[in-house]
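This briefing walks through one protein chain, topic by topic, for a reader who is new to looking at structures. Please keep the sequence and the picture at hand while reading.

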Amino acid sequence: MSGLGALAGKFPSPITAVNLKIHDGSIIGNKKSFQGTHINVGYKQEPIVIKDGDKDDKAGMKQFVSALNMERVVGNGVLYLVGNNVLTRKLGQNESVRIFPDAWIAMTEKISLQYVRGKLSTRKKAKEEILLEVKGPGTLWYDVYRGKS
């Protein structure tokens, strides 16, 4: 099931607390969305390394690691994600949402990603663009303000 990202989930806020314990002690995030937040404690950052032909890259994540500034965050503390309007969206099995790629902030490990062409607006003059389709199960954090230029 696809939907317009900005219309679902909780109300957005500029800072969102993520308890890593609730998410099996690990999320994958855009390092620009949590670096510099001095209140983050109880976690460590790990680079995501996927080599060509890696059998463990079942979800095709290699193409997204550098494009989305991905980094794995592990620990048992609370991580504060920052943005303009951060929205938390829980996705069920095979449930999907499409967002602008630069709106992606973080996700849990079981989420899968793919680039698709489409529109986020139902307006007649809306242009078709490259979007990020995010598929569950898992939790997605994204910024509903990004990508609106």
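In which sense do strand S2 and S6 pair, and over how many bridges? In this model, which is predicted, strand S2 (residues 26–30) and S6 pair in the antiparallel sense, and two bridges join them.

**The chain as a whole**

**Strand S6 and its partners**

- Strands of a sheet pair through backbone hydrogen bonds, and the pairing can be either parallel or antiparallel.
- Where S2 and S6 pair in the antiparallel sense, isoleucine 28 stands opposite methionine 107 in S6.
- S6 also pairs with strand S9 (residues 138–143), again in the antiparallel sense, this time over three bridges, and here tryptophan 104 stands opposite tyrosine 142 in S9.

**A sheet of three strands**

- An open sheet of three strands has the order S5-S8-S7, and its pairing is antiparallel.
- The edge strands of this sheet are strand S5 (96–99) and S7, each of which pairs on one side only.
- When direction is ignored, neighbouring strands of this sheet are turned by 30 degrees against each other on average.
- S5 and strand S8 (residues 129–135) run antiparallel and are joined by four bridges, and isoleucine 99 has leucine 132 in S8 as its bridge partner.

**Nonpolar cores**

- The largest nonpolar core has 19 residues, and those that touch the most other members are Met70, Trp104, Leu113, Leu132 and Val134.
- The elements that give two or more residues to this core are H1, strand S4 (70–91), S5, S6, S8 and S9, and the largest share, three residues, comes from S4.
- Another core, made of eleven residues, lies apart from it, and its members include Leu20, Phe34, Val73 and Val86.

**The aromatic pair**

- A search of the whole structure finds one aromatic pair, which is formed by phenylalanine 64 and tyrosine 115, with 4.8 Å from centre to centre and 45 degrees between the planes, so that the pair is tilted.
- This pair links distant parts of the chain, since phenylalanine 64 belongs to helix H1 (residues 62–65) and tyrosine 115 to strand S7, 51 residues apart.
- Phenylalanine 64 counts as buried because its relative accessibility is 0%, whereas tyrosine 115, with a relative accessible area of 32%, is partly exposed.

**Lysine 110**

- Is lysine 110 buried or exposed? Lysine 110 is exposed, because its relative accessible area is 65% and the cut-off for exposed is over 50%.
- The place of lysine 110 is in the loop between strand S6 (104–107) and strand S7 (112–118).
- Leaving aside residues up to four places away in sequence, lysine 110 touches Lys135 and Pro137.
- Lysine 110 and glutamine 93 are 17 residues apart along the chain, and their C-alpha atoms are separated by 9.9 Å.

Conventions:
Residues numbered from 1 in each chain as written. Predicted model: local features only at pLDDT ≥ 70, side-chain atom pairs only at ≥ 80, totals over all residues. Heavy atoms only, no water. Buried < 20%, exposed > 50% of the residue type's maximum accessible area, 1.4 Å probe, protein only. Contact = heavy atoms within 4.5 Å. Phe/Tyr/Trp six-rings, centres within 6.5 Å; stacked < 30°, edge-to-face > 60°. Pairing = 2+ DSSP bridges. Axes fitted to C-alpha atoms, helices over the stretch in contact; angles between N-to-C directions. Core = buried A, V, L, I, M, F, W, Y, C linked by side-chain atoms within 4.5 Å.
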